[in-house]
Amino acid sequence: MATPPGSDKGREQQRGLELDGQQTSAAVPARLAVDPVALRDFLADAGVPGYSRATTATAAVLPDIRKFSTGQSNPTYLVDGALVLRSQPPSKPPSPSAAPAEASPSSAHRLDREFAVLQALHKSGFPAPKPIAFCADRAVLGGQFYVMEFVRGRILKKGPEIGDAFTPRERRLLYESVVELLVKLHEIDWRAVGLHDYGQCGDMYGRQLVSLTAVSEKQEAVSPLVPRLPNREKTAHELRHRMPDDAVSLIHGDWKWDNFLIHPTEPRVVAVLDWELSTIGHPISDLAYFCGTTFYPPFFPSVRDDITSMPGFRESGIPSSDKVVDMYCRLSGRPHPREDWHFHMAFYYWKSAIISQGIGARFHAGRASSPLAQTYADMAPVIDAEAASQVAQLVAQQTRADGGGGGGVLPVVVGPNLQLRDDYTHSARGEPQNFNESVYCNFHTADGRLGGFVRIGNRVHEGYAEVTVAAFDAESAESDGAAYFYFGRLPIASNNGWACTVPDDPAAAAGEAGIARFSVVRPMRRVRVEFRGVLSRLKKPWLLRDPARLFREQRGEVEKARADIRIEFVGCGPVYGHAAAATAAGAKGGRGDPAAPGDNFARNHFEQHGAVDAAASFFKVYPIASGKRSEKTIVVDGNGLRDHSWGPRYWQAISSYRWITCNLGSAAGFVLALVGGLDPVMTFHLGPCDVVFLNQCAVATRYCDETERAAPPGAPTFAGLDRPRPLSSSSSSAPAAWQRHCELVVTAGGGDGDPAGVHVVVSGEVLGFLPMRNRRNGEVTCLGEGFTRYTVVSAKGLRGVSAGMVGYGFSEYLDQLGGAGPKI
């Protein structure tokens, strides 16, 4: 039976067993002293074995509290040789000379976050100390604190070094252990272990370039003696323009040797400590941090030597930085970051310079306790110079790669208040119940054989995301007009990114749960859309008009198929749209008010035409009944359009719309929006930089009834589904019943700045159609989704657009079939 930590025997067992790096001292400075009675009572109330409150009959033994001798930003103590107490530093009124960013210890030392991540790590099986109890009541010990188990091990301040007691094999195994654990950390599904709001999903580098610049400015304001960073602004500017592909995982933030506990006798890591800088961020930042603190110029010769230049390095068993990176990439399956390595290292040095500057700010404010504070502060400009050197190498590398262009070109953004950061999710705090953040991406092959779209709409206040997938294998001989379809309301816990687990279909054979995910790879340049799950292959897509009947009574018309879809979308035109001003976004007004429908649909919105990267995009599907032997893989090599909106939204807020999207290859494309009673607008993109807005627009549509669906014998696959009907020239008239639109003609002109010189006519033939609906509070909204082939009939004043050009896209028709609420 284990000895309780609070017993006398437990204390004696642990006494004298401290290893390197875990030395403690009973002499605790008065300002850091812990009230043993308050701690004992807290542990007793938390149910920790071996602790009890004092009673009138007995006097409970007070815990033995010893402070660890190593320096942490949050005081850390060994309790009875078996527990570790980690607390916030004692609070004190902010000094007038203190940097504002550091004025509040309670905000700078979030131990609730540390405890939360330890709980998640323990749940996932990652080696970290087991969390035991957390206390948010500052009256107990003067601040937040938590208690975790004590893990016995060695802390190697500098890692295994040449000339120490380790053999070459042991050094190699230690490095392998560190890298294997880093890969394991980055593979944790942070949403699944309860960290859905632990940090913002994506854009870690972009956000920190802004926030740390502000921190540095505040630090400089402390005193004229605080070291300046002459390259800070230029380095940040270049880094903003040269971002690597984004990636997201749980990261440690301080991945270095003195945060690893090494087994007492074996060459392996048994626990990782100090999680105060952990967040959701770019995984390569951890790798760069480890390499930076281990291999690159140390700047502090008095602290450690550059091991790569020491005699005996080759025989030491210590891998080089390149080999560490190779090992990480091999184990994780991530691509080698060689093209962006100078970026990651430049950011590491840039951030380290600001941290060193912060030590100088504390030193000159009289609040630094380390005797090395002045030395670290003096090195800030030297580290700043190394960041600039890394950026120079990054610029040179990119210049060679693109033939002299030098890279660093940001996407063109057209529209008020839009920023690169808007490509990520936004905070839903303070937003109304119907807050929705939706991403949509349509795609097609170059020959129009396949067309489809994926839409993920987060409705976080309602606890779910609406996921829709539709695809038409329009010109495949075996398709016979069939369509693939999925819709689900999938649980989400936050509006932090777009990622949902797609449950396996109960009607299908057992299989793994899938995923619906949208990832920003490079803001407003490149995004990735993924779906893995079970689709319904509808032999007669128009039957989806009554989904309950179709899936319950007409199951013979539905075939289940597993799908694996990945679309790598690369912007080939400007981003255009609008976002509410910051003041408006924070206002309380009538947002979400049913009486203000205009505030309930597209308060913030942008679109972008793009190309689909054929090397990384595919549409795989196979009927479950036949298994993978009949798998069909289509390489998606055409174009598409993506759309992102956020704010209050009900589909019932508008009376009708016609949303028509077309790509004429990568050089041109348009979106036409006819929304209720609002002024129509067509946005035409011409090349990577230009857009033209046309505001004299109309759509003529030919509709077809459901009763006219059956194709006569021998008729072409799709043409036979539609019997011609006279065109209606009204752009706002809806069919008397829910009908398929099968042909349309778009006319537009009146470009801004040249109203008489621009004119275009485009005809459209609907190749595949799905009727969808949305119901809320008794109102029914009908959505007709048509995969459409477009032909330019005539064009004037649009560079590169001429009669006869053929393109593909979607025509989305929305009409209301019930309800009397106010509409746009």
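How many cavities of 30 Å³ or more does the count come to? I looked this up first, in what is a predicted model. The count comes to five.

**Entry: the largest cavity**

I noted that rolling a probe the size of a water molecule over the atoms shows where empty space is left. In this model the largest cavity holds about 80 Å³ of space. I then listed its lining. Asp 203, Met 204, Tyr 205 and Gly 206 belong to the lining, and so do Met 243, Pro 244 and Asp 246. His 282, Tyr 424, Val 521 and Pro 523 complete the list.

Which helix gives the most to this lining? I found that helix H7, residues 204-220, does, with three residues. I also sorted the lining by class: seven residues are nonpolar, two are polar and two are charged.

**Entry: the sheet**

I traced an open sheet of six strands, in the order E1-E2-E3-E4-E6-E5, with antiparallel pairing. Strand E1 (24-25) and strand E5 (131-135) are the edge strands, and each of them pairs on one side only.

I looked at one pair in detail. Strand E2 (residues 65-68) and strand E3 (residues 76-79) run antiparallel and are joined by three bridges. Ile 65 has Val 79 in E3 as its bridge partner.

**Entry: helices across the sheet**

Which strands does helix H2 lie across? I found that helix H2 (residues 36-45) lies across E2, E3, strand E4 (83-87), E5 and strand E6 (145-149). H2 runs at about 65° to E6.

I then checked helix H4 (residues 111-124), which lies across E4, E5 and E6. I noted that H4 runs at about 155° to E5.

Terms used
Residues are numbered from 1 along each chain as its sequence is written. This is a predicted model: local features need pLDDT of at least 70, side-chain atom pairs count only at pLDDT 80 or more; totals for chains, interfaces and linings use all residues. Side-chain values use heavy atoms; hydrogens and water are left out. On a 1 Å grid over the protein atoms alone, a cavity is a set of points where a 1.4 Å probe fits but cannot get out, and a pocket is an open set with protein on both sides within 12 Å along at least five of seven lines; lining residues have an atom within 4 Å of a point. Grid points are joined across faces, edges and corners, and a volume is the space filled by probe spheres set on the points. Helices (H or I, at least four residues) and strands (E, at least two) are DSSP runs, numbered from the N terminus. Ala, Val, Leu, Ile, Met, Phe, Trp, Tyr, Cys and Pro count as nonpolar, Asp, Glu, Lys and Arg as charged, and the others, Gly among them, as polar. Two strands pair if DSSP finds at least two bridges between them. Contact means heavy atoms within 4.5 Å. Axes are lines fitted to C-alpha atoms, for helices over the stretch in contact, and angles run from 0 to 180 degrees between N-to-C directions.
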